[in-house]
Structure formats: structure tokens, C-alpha cells
Amino acid sequence: MTDLQSALNAYHRKGRYGATGDAGVILGEVRVKTVLQFAAWPETMSKMGKQASKAAGVKSVPGISRLSRSGDINLLRVEPLKWWLVTPQALMDMPEVDAETGAVLDLSHARTWITIKGSAAENLLSNFLPIDWRQGHFGDDQVASSAMHHVGVTVWRREDGFNMLVPRSFAGSIWQLLEDSAHQYGLTVE
Amino acid sequence: MPGKGETITEAYIRETETVRQTVGLCDVSSLGKIAVQGPDAAEFLDRIYTNMFSTLPVGKARYGIMLRDDGIVLDDGTTWRLSEHDYLMTTTTTQAGKVMVWLEELLQTRWPELRVHVASVSDQWAGIAVAGPLAREVLAEALEDGDLVSSEALPFMGVTKAAMKGGGECRIARISFSGELAYELYAPADLGEAAMELLWQAAEKRGGCLYGLEALGALRIEKGHVTGAELDGRVTIDDAGLGKMVSRKKPFIGSALRQRPDLQRPDRPQLVGIFPKDRGQKFKAGALLFQRGKIQGFGEGWITAVTHSPTLGHWIGLGYIAGGHQSWQERRVMASDPLRGQDVEVEIVSPHMVDPKGERMHD
């Protein structure tokens, strides 16, 4: 199989950077991934939500700004009419959905998946995004569709930290911004 | 892409000649790409393009122009029909974001009843143009089944899917901006570099080249194909010589206001080709066109793009002039560039300066 070329190839250098002591931020990338968009029509929300949940293998259809998960498969509610199935597994067969119910679209290569972990991860994200990232306000399994320097990004939280999907063509620039800002907290790039 | 000791001019001339005579590869990944999906996708496209897209068969692509509400051209591109309810729209690089925002605005505010979803997939696909007489055999060598791009299997404006050697599936459209036999291969972005490597291996051993924006410009200017330099926010579809693309069977965005009297005047500036009268002379984009002896005011037209034409052996240009080229036969015209202190006598010709019947891309 041909090697996949990440958008971060020129930027992603493993190592320890910035402030000494324990690293406050750990940045990484999930290289192999699947991102599938399930989009409903207003009158087919219930039906399409069930189709998306079935494809993801999750028990419940996530509501606004929430995700449901099954193992390492996440189903994110990213827009009023849309869910994204996001997983570090390679692309499965595209689910077939009748056009009267909705539309499915492969975005696996259109996004770069960055992981942001560590004791200072909330601080780092606060430097760029207008969201209160503290546990009591943006907890596990919450999802945000926001923008970082006018670039649309999707962020969700799990127990081990944050995940961010960014448009592939902006990934290098966004990675550099995160890296540079993370130096002040001590950074490990995995 | 200049070779060792080569100037940019020498490089683009070499690249243009190579595309016309052999084969060239160009990274076109920056083009806007928008997925248009849903039961009403065909109706939506009919409303935003001047020509019909609901009649486009599955597995075919069509060039389309979209207008603003005021009847002026907004953007152009090709749209591919992937299935009954699934289209891939391409836009110019510059207008990709604007068109995406425009489509969402239409769906959310003007036509919320249409069951259509649009999504930017500009980042999903890496695009490579393969152009020239040897394009078909170069492309075939990169695929598991080269017969998928035979002349019979993939006629002009056809669209197909294919497995690339080494893995990964790509989409291919037989479309031509250069005027040569040409294809655009779209590979999933993470496989873009691998796709380029496959094509380059096949092209290099045949004497092919990589070509860049300068050569792309030379090729399209020779053919009279418009870009944002000509579709600059001031011109109508008729001004650009593309009035035949206007459907009389359906309304579309801009269909009413494009018929305003001022936009239908016969003396409006129309797209033309430009040669220096003395073939050894050059002129510059941005120069204004005047009747000889009357160089004053804003003139009769302007030059939008220039290049040395390797095919014709002299400098050529595209531009606009009042009434079009038929109005300037046997009349003397000057291209005046007071900012750079240059006046050159020019001839006004048809904008389709090379292979005007388009025979080479139908090969």
C-alpha cells in the first residue's frame, strides 16, 4: 500500500521543547483515520441519526455539541444537520444512504487530526479559541465547531485530552501556532 | 520550473512546447472543489449555472459559468456528475471560498426548501493535470487498469474512477484547459505525492515535463480560455464570448438582470485576441487599447493577459475591445501603456488563436 503523506510531514518533529520540568502540553497526530460526514434533511434527522449511529456502532445519537462513542469510533454532532464519524481506523466501506434520507461524504483526507494533551492543554487552547475549556464547562464527550484565526476547526474532549480536526491545507500553520505557544508550558511532541 | 541556468521565460516556453508536443504534468490541487449532494442537487445547479446540469449524464462533466444576481459573471469551472444525486463542482482557486459561502447563503436563506448539502472538499483531493498528445498513455501507466482511460472508455468530458498502482482510488475527468488531449486526476490528498510520482515516472521517460503557472497561462491564452483575469467582476457572459452557454429553457441566478439594456449593448467590450502588428514586438497586460491616433481617455478596451506563444512564434494577448474583433477588422489599434512608457501597434483577432476548432483535445 502506498505510504500516506501527512500535511504535517514538514512540521512534526518528535522531541521535548520549551520550558523545563514536566511537559505541560503533549502534541501528536493521528495519521490513519476515517472522517465520514452524515448529513440529514430537516425532516429526516431521526432516521439519518440512526443510520449514522449504526455505522459508528454507538448506542445513542449524539445531540448538539455532544459525541457518542464505541471503542475508538466517535460520532460527533458537528452542525445542526450533520454528524462526523471519526476514528483512527482506516476507511471502512462507505455506508449507503438513500438520498431521500441524507448524504454521506468522505472527508478523511480533508482534515488533519491533532491531539492535545497535558496539564496545560486547556490553557493552550484558550490562547486561540473563545471557549471555556475547563472540565466543568467543556467536559468529556463535548464537541465544539469553532474557528482558529478564521479557520474552521472541530474540537472534542475525551478522558485523555483534546482532539482537533483542522482543514488539511491549514494544518501546518495551525500546528506551528500550537507548538510555538506550547513552548511556554513545556512541550513534548509525540 | 526553470532548469539549471534557465530563465523563467525560457522555462515556460520549454514547458509549453513540451505540453503541445509530448506531455506535461501540473499540480492543480488549489482549484476549489465542492461536493453538491441531495435529491435536489440537479435543480440547485440548474438555478446557479447559466447552462443545464440536470441533463448531465452520470459519468460526465460539463463546463459551467455562474453569474451574480446583477448579471455579471461570478465564476467558472467544471462540474462532474458522480451519481444521480451527487456532483463534484470545481471552481477557480481564487473564488473557491466565495463560491462556497455563496452556495450556503442560497441554500440557507433563499431556497431552504431544497434538499441539498454542499461541503468543501478542496482539501480532500490532490489534483494533477496530465496534458499533451501522450497524456493517455502516461495516465494509463499509472493505473491498475489502463483501459479505463482508453478513447472509447473515457471520451471527452467523461468522468471515471480508477485504482492507482500501489493502492488508492482516484477520480479522473477527461477535461482540457490547455487545449491538448488532457485529463485531471484527483487522488485523496494524502496520496497526492504518490500519484504525482507514478505519473512522473511515466512522463519523464517519454520526454515529458512538469509545468507551472506561467506555462499554464501560455497554453490557455493561446486557446482563448478565460480565467479570473478576464472574468474580473465587470464582464457579462456575452462579453466573454460564452453567450451560447446561456440556457433559454430555465431561469438562473442573474438571468433577469443580464438582460438590462446596458448589458446588451453591441458596443460593449468583448473578448478578443491580440497580436503585435510587428511580430517582433511585445506588449504588456494592463495596457489600454485605442484607435490609432486617438490615444486619450480610457480607450476602447484593455489587455488582460499576455505571453510569448511558442506555437505561433510571437507575443500574443487576450483582452477586451468595444464591439469585439469583427468591429476592428482593417482598423489600426494601439496598445498604450503610459505607466511604463510603451505604445505598440496591434492587430485584433479572434481569441481562439491556436487550434480554434478544438480538434487536439478531442483526439
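A salt bridge here is a side-chain nitrogen of Lys or Arg within 4 Å of a carboxyl oxygen of Asp or Glu. By that rule, 2 salt bridges span the interface of chain B and chain A. The model on screen is a predicted one, and the tour below starts with each chain, moves to the interface, and then visits single residues.

**Stop 1: chain A**

Chain A holds 3 helices and 12 strands. Its C-alpha atoms occupy a box of roughly 55 × 45 × 30 Å along the principal axes. The radius of gyration of chain A is 17 Å, which agrees with the value near 16 Å that a compact globule of 190 residues would have. Colour the chain by accessibility next: 54% of the 190 residues of chain A count as buried. Of the contacts in chain A with a separation of 6 or more, 65% are between residues 24 or more positions apart.

**Stop 2: chain B**

Now select chain B. Its secondary structure consists of 6 helices and 17 strands. The radius of gyration is 21 Å, close to the 21 Å from the globule rule for 363 residues, so chain B is as compact as a globular protein of that length. Along the principal axes, the C-alpha atoms of chain B fill a box of roughly 65 × 55 × 30 Å. Buried residues make up 57% of the 363 in chain B. Among contacts in chain B between residues at least 6 apart in sequence, 67% join residues at least 24 apart.

**Stop 3: where the chains meet**

Show both chains and select the residues in contact across them. On the chain B side there are 25 such residues, and they touch 26 residues of chain A. Together the two chains bury about 2,000 Å², with 55% of that area on carbon and sulfur atoms. Which residues of chain B lose the most area to chain A? They are His117(B), Asp123(B) and Asp190(B), which together account for 34% of what that side buries.

To see which elements of chain B take part, select β2 (32-37), β6 (117-120) and α5 (192-204), the elements that give two or more residues to the side touching chain A. β6(B) gives the most to that side, with 4 residues. By type, the residues on the chain B side divide into 10 nonpolar, 9 polar and 6 charged.

**Stop 4: a salt bridge between the chains**

Select Glu100(A) and Arg115(B) and show their side chains. The two meet in a salt bridge, with N to O at 2.5 Å. This pair crosses between chains: Glu100(A) lies in the loop between β6 (82-87) and β7 (102-106) of chain A, and Arg115(B) lies in the loop between α3 (96-110) and β6 of chain B. Glu100(A) is partly exposed, at a relative accessible area of 43%, and Arg115(B) is also partly exposed, at 21%.

**Stop 5: salt bridges within a chain**

Over all chains, the structure has 33 salt bridges. For one in chain A, select Lys117(A) and Asp160(A), where the closest N and O atoms are 3.9 Å apart. Lys117(A) is in strand β8 (residues 111-117), while Asp160(A) is in the loop between β10 (151-158) and β11 (161-167), 43 residues apart. Lys117(A) counts as partly exposed at 25% relative accessibility, and Asp160(A) is partly exposed with a relative accessible area of 47%.

For one in chain B, select Arg206(B) and Glu141(B), whose closest N and O atoms are 2.8 Å apart. Here the partners are 65 residues apart: Arg206(B) is in the loop between α5 and β11 (209-210), and Glu141(B) is in helix α4 (residues 135-142). Arg206(B) is partly exposed, with a relative accessible area of 23%; Glu141(B), at 25%, counts as partly exposed too. Then select Arg20(B), Glu180(B), Glu222(B) and Arg360(B), which are joined into one network by salt bridges that share partners.

**Stop 6: Trp156(A)**

Return to chain A and select Trp156(A), which sits in strand β10. Is Trp156(A) buried or exposed? At 0% relative accessibility, Trp156(A) counts as buried.

Key
Residues numbered from 1 in each chain as written. Chains lettered and ligands numbered in written order. Predicted model: local features only at pLDDT ≥ 70, side-chain atom pairs only at ≥ 80, totals over all residues. Heavy atoms only, no water. Contact = heavy atoms within 4.5 Å. Buried area = accessible area lost by both parts, 1.4 Å probe. Nonpolar A, V, L, I, M, F, W, Y, C, P; charged D, E, K, R; others polar. Rg over C-alpha atoms; globule rule 2.2 N^0.38 Å. Buried < 20%, exposed > 50% of the residue type's maximum accessible area, 1.4 Å probe, protein only.
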